[in-house]
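Hello,

Here is the structure I promised to pass on. Please look it over first; my notes follow below.

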Amino acid sequence: MKPFVPKLVYFEPEALSYPLGKELYEKFMQMGIEIRETTSHNQVRGIPGETELARYRNAKSTLVVGVRRTLKFDSSKPSAEYAIPLATGCMGHCHYCYLQTTLGSKPYIRVYVNLDDIFAQAQTYIDERAPEITRFEAACTSDIVGIDHLTHSLKKAIEFIGATDYGRLRFVTKYEHVDHLLDAKHNGKTHFRFSVNSRYVIRHFEPGTSSFDARLQAARKVAGAGYKLGFVVAPIYRHDGWEQGYFELFQELARQLEGVDLSSLTFELIQHRFTKPAKRVIEQRYPKTKLDLDESKRKYKWGRYGIGKYVYRDEEARELEETMRSYIARFFPSAQVQYFT
């Protein structure tokens, strides 16, 4: 698929005092994209659309260039010590995505241009924990790879972490646009993961993202560039024929990765889940979705922060985990399964 190009761009005036802000302004001017001004990246008004649904869809193709003023990083991520805030929002239309509710009324894409401030804060966290390793997740609230061909913020972050002694970087993507990242000086300190799924899930629930085959081609490039490679199988979804669908997923992964160094390959396994608020938002924004959100078929599980979610019942979840682990053992016997949740 073609790389993302916004249809409308907003700038905070302060963003133009940073090199990346100036660079992006000139770039979008030359591309002939409409540019507007906003006082804050958190208060963007005037996104076109006669209905809420139309405004939502237009927001997903709107980019906001701003300054990240809150430099305290989120530290609630189970797979990393901190989330590094390079961007917020995503141009994809994945029906199940937790950003549907996390971003609420602000589904537009935000990028932050004060990178030196962000990296300085990251260095502070690294120094505080040294000599322990400090891991940063760059894709908690966005698919950063999908927009990095415009900003190169992720590339700068990769090279910043690569130059540290105790920092590590990780992120996950559904996009193929990795070519500009292949020559980054990562020094083996970045874990580059791709989100993959059965063809049924990608076809029905992941519009606006790269195809399965394109993701695997990008994964080959990334492995060839010496990055630590991983796959996030998420959400694992019990559709008709799911056993065969996921078998074909791992079979095709093995086929397309033949000849690649997989000595540090990792898998993360996440079953499908949803919350009541997410269900309401999903049904509003994707009224024709085939996603099964029937609460009576699920188990209610309390979350870490008092927010409950619907997951598969214990027996079904156990079957999913055992099946995925058996496929991985068959096709990737040396890979590490980091968790199933």
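Start with glutamate 12. It sits in the loop between strand S1 (8-11) and helix H1 (19-31). Helices (H or I, at least four residues) and strands (E, at least two) are DSSP runs, numbered from the N terminus. This is a predicted model: local features need pLDDT of at least 70, side-chain atom pairs count only at pLDDT 80 or more, and totals for chains, interfaces and linings use all residues. Residues are numbered from 1 along each chain as its sequence is written, and side-chain values use heavy atoms, with hydrogens and water left out.

Is glutamate 12 buried or exposed? Glutamate 12 is buried, at a relative accessible area of 1%. (Buried means under 20% relative accessible area, exposed over 50%, partly exposed in between; 1.4 Å probe, protein chains only.) A polar atom of its side chain lies 2.5 Å from the backbone nitrogen of histidine 41. The side chains of glutamate 12 and arginine 69 make a polar contact of 3.3 Å. (A polar contact is a pair of N or O atoms within 3.5 Å; within protein, one must be able to donate a hydrogen and the other to accept it, and residues adjacent in sequence count only if both atoms are side-chain atoms.) Beyond its neighbours within four places in sequence, glutamate 12 has contacts that include Thr38, Ser40, Val65 and Val67. (Contact means heavy atoms within 4.5 Å.)

Next, helix H10 (residues 276-285). Its buried residues are Ala278, Lys279, Val281, Ile282 and Arg285. Their cover includes helix H2 (52-59) and helix H3 (99-102). At the start of H10, a side-chain oxygen of threonine 275 comes within 3.1 Å of the backbone nitrogen of alanine 278.

Glutamate 295 is partly exposed, with a relative accessible area of 22%. Its side chain makes a polar contact of 3.1 Å with that of lysine 276. Leaving aside neighbours within four places in sequence, glutamate 295 also touches Phe274, Lys279 and Tyr310, among others.

Now the whole protein chain. It has 11 helices and 14 strands. Of its 341 residues, 53% count as buried. The C-alpha atoms fill a box of roughly 55 × 50 × 40 Å, taken along the principal axes. Residues 24 or more positions apart account for 76% of the contacts with a separation of 6 or more.

Over to you.
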